Amino acid sequence: MKLLLLRHPETVANIKGIFNGWKDYPLTEKGKLQMKNIVKELEKIPVDRVFTSPLPRAYNLAKTIAEQKGIKIRVYEELREINFGNFEGKTFQEIEKEFPDECKQWLDNYKTFKIPEGESFEDFNERISYFLKSIEKGANKTYLIVTHLGVIRVILTKIYNWDIDKMWEIQCENGKYIEVNIK
């Protein structure tokens, strides 16, 4: 089985350094160009199924690719980015200023700290595990997963059995994909 893990195109939040999990922000001009380029690039690559986050920054790209290929998309809530709750729409500096105690707790123990009005990393991790268990494994299948950087990082740590702290080393540019072959 082959997975193509595709990160959504660049958004206004990406360039402003804003934490955005479940909120959505419009694509930048660069993001719109990334969308056109990746659709064209994937035109030549056979894909059996397209899975996507329901958030527009990922869903709109997945829909365009699926329509081009004449296949249906499957939307999974599990593929949303982490819910940053009260931290949503803020830069790190704003979070430090507005929520100093919560920010310190989050930095000290990001794995178990539940962001106020959001979710903990453990919850996020469990959500992604559920998704991975739910997809049909097929030896000769290629699945395109259109999602977010945090989700891609967690999927890769699970596939390669890496310690979760290694996820911070994983990079994936907006509008690019990482190919993973699973035996």
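## The buried residue T52

In this predicted model, T52 is buried, because its relative accessible area is 0%, and a residue counts as buried when that value is under 20%. T52 belongs to strand β2, which covers residues 49-52.

The surroundings of T52 can be described through its contacts. Leaving aside residues up to four places away in sequence, T52 touches A58, Y59, A62, I73, R74, V75, Y76, L79 and V146. One of these, V146, also takes part in a polar contact: a polar atom of the T52 side chain lies 3.3 Å from the backbone oxygen of V146.

## The partly exposed residue D165

D165 is found in a loop, namely the one between α7 (149-159) and β5 (177-181). Is this residue buried, exposed or partly exposed? With a relative accessible area of 37%, D165 is partly exposed, because partly exposed residues fall between the limit of 20% for buried and the limit of 50% for exposed.

When residues up to four places away in sequence are not counted, D165 touches Y110 and K111. D165 and G70 are 95 residues apart in sequence, and their C-alpha atoms are 39 Å apart.

## Cysteines and disulfides

A disulfide is a covalent bond that joins the sulfur atoms of two cysteines. How many disulfides does the structure hold? The number is zero.

C103 is buried, with a relative accessible area of 3%. C172 is likewise buried, with a value of 6%.

## The largest pocket

The largest pocket contains about 610 Å³ of space. Its lining consists of 24 residues. Which of them lie nearest the centre of the pocket? They are F19, E81, F84, R153 and W168.

At least two residues come from each of α1 (12-16), α5 (100-108), α6 (121-134) and α7. The largest share is that of α7, which supplies three residues. This helix also stands at one end of the loop that holds D165, the other end being β5.

The lining of the largest pocket may also be sorted by residue class. It has 14 nonpolar residues, together with six polar and four charged residues.

Conventions: Residues are numbered from 1 along each chain as its sequence is written. This is a predicted model: local features need pLDDT of at least 70, side-chain atom pairs count only at pLDDT 80 or more; totals for chains, interfaces and linings use all residues. Side-chain values use heavy atoms; hydrogens and water are left out. Helices (H or I, at least four residues) and strands (E, at least two) are DSSP runs, numbered from the N terminus. Buried means under 20% relative accessible area, exposed over 50%, partly exposed in between (1.4 Å probe, protein chains only). Contact means heavy atoms within 4.5 Å. A disulfide is a pair of cysteine sulfur atoms within 2.5 Å. On a 1 Å grid over the protein atoms alone, a cavity is a set of points where a 1.4 Å probe fits but cannot get out, and a pocket is an open set with protein on both sides within 12 Å along at least five of seven lines; lining residues have an atom within 4 Å of a point. Grid points are joined across faces, edges and corners, and a volume is the space filled by probe spheres set on the points. Ala, Val, Leu, Ile, Met, Phe, Trp, Tyr, Cys and Pro count as nonpolar, Asp, Glu, Lys and Arg as charged, and the others, Gly among them, as polar. A polar contact is a pair of N or O atoms within 3.5 Å; within protein, one must be able to donate a hydrogen and the other to accept it, and residues adjacent in sequence count only if both atoms are side-chain atoms.
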